[in-house]
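The structure comes next, followed by notes grouped by topic.

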Amino acid sequence: MKQKTWPDRSDGVRFTAFPLSKPNDNEENIILSRRSKIGSKPSLSPTDGPDFSALPFDILTKIAASFNFPNLLAASLVCRSWRDALRPLREAMMLLRYGKRFKHGRGGVRRNLDKALDSFLKGAARGSTLAMVDAGLVYWERGLKEEAIALYQKAAALGDPAGQCNLGISYLHAQPQNHKEAVKWLHQASIGGYTRAQYQLALCLHQGLGVHRNLYEAAKWYLKAAEGGYVRAMYNASLCYSSGVGLSQSRRQARKWMRRAADRGHSKAQFEHGLALFSEGEMMKAVVYLELATRSGETAATHVKNVILQQLSATSRERALLLADNWRALPSSR
């Protein structure tokens, strides 16, 4: 399948949710019971230090709404008051875990989206933004966009970067579209370091969607997303460096980011990196990348690859194709 990476009005980003940590089922009870004495300690006086128990429950639960399981457990050990206040969110984490099992058919259960959605909604009702985002994803996949957007709005308002990103993308695809609101929420998620939002914000800036077209700002966000591991942003950052659009022209930087994208499975980058290697006389390496690009649907790579193969010995051809067979993409945030 061909990847659309350079700005295109039909280009979008997959919705995403935070991955859930995988604690043991009894992890919460074990950890909390080991430190149950914490709750029996008297509150600290103003002269001894801050009184954490004085923090209002509603503020605490809003702060912790986007916590993952380990962070939630750590917060629950601060004092008895926090442990009690955060109980619904700990329950939400368990429901979120069950929901992911049903959604992906893991942990010895069959895939069941109805049960997954039910678990996510129960977790969302307990205040978890992670569950809100996952429930929104299921709704969106089922075409229930209004329900999905409502959940993304709740998660975004509580500061969840995935919720903010998904809300921004939703506004780009909703009917009618709302580009200004999309840019607003994508920017919120981007300044929080969320790479998918950074890439999508860069596309909006590049195309002038919901904001004045600004190639320099677009290139800045492409580069930030690339540095954060987002593959399509790596490819676009390479193009910016190659053409001098938004970034100072640099062949070295262009080659660096093109190879990084290629090594993480970007088919267009594999094709272009293969061409660059061919032009430098690196025939074996060129064949590997061109073969990978061909397998990913880049038909233009096939002709160049076949031309090079004719120049190689039978042994070299077999070696190059074996390297392609054993190739594995490097990790990325996609």
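Tyr-222 is buried, with a relative accessible area of 0%; buried means under 20% relative accessible area, exposed over 50% and partly exposed in between, using a 1.4 Å probe and protein chains only. The model is predicted, so local features need pLDDT of at least 70 and side-chain atom pairs count only at pLDDT 80 or more, while totals for chains, interfaces and linings use all residues. Residues are numbered from 1 along each chain as its sequence is written, and side-chain values use heavy atoms, leaving out hydrogens and water.

**Aromatic pairs**

- The structure holds two aromatic pairs; rings of Phe, Tyr and Trp (its six-membered ring) pair if their centres lie within 6.5 Å, and planes under 30 degrees apart count as stacked, over 60 as edge-to-face and the rest as tilted.
- Tyr-199 and Tyr-222 make a tilted pair, because their ring centres are 6.1 Å apart and their planes meet at 50°.
- Tyr-199 belongs to helix H11 (residues 195–207) and Tyr-222 to helix H12 (residues 215–227), so this pair ties together parts 23 residues apart in sequence; helices (H or I, at least four residues) and strands (E, at least two) are DSSP runs, numbered from the N terminus.
- Tyr-199 is also buried, at 0% relative accessible area.
- Tyr-199 and Tyr-230 form a tilted pair too, with 5.0 Å between centres and 40° between planes.
- Tyr-230 lies in the loop between H12 and helix H13 (231–243) and Tyr-199 in H11, so the pair ties together parts 31 residues apart in sequence.
- Tyr-230 counts as buried, at 0% relative accessibility.
- Tyr-199, Tyr-222 and Tyr-230 form one aromatic cluster.

**Charges over rings**

- The charged end of Lys-224 sits over the ring of Trp-221, 5.9 Å from its centre; this requires NZ of Lys or CZ of Arg within 6 Å of the ring centre and within 35 degrees of the ring normal.
- Arg-260 lies over the face of Trp-257, 4.8 Å from the ring centre.

**Helix H14**

- Helix H14 (residues 251–263) has 13 residues and reaches 18 Å from first to last C-alpha, close to the 18 Å expected; the expected span is 1.5 Å times one less than the number of residues.
- Buried residues of H14 include Gln-253, Trp-257 and Met-258.
- The buried residues of H14 pack against H12, H13, helix H15 (267–279) and helix H16 (283–295), where contact means heavy atoms within 4.5 Å.
- Gly-265 follows H14 and has a positive phi, near 95°.
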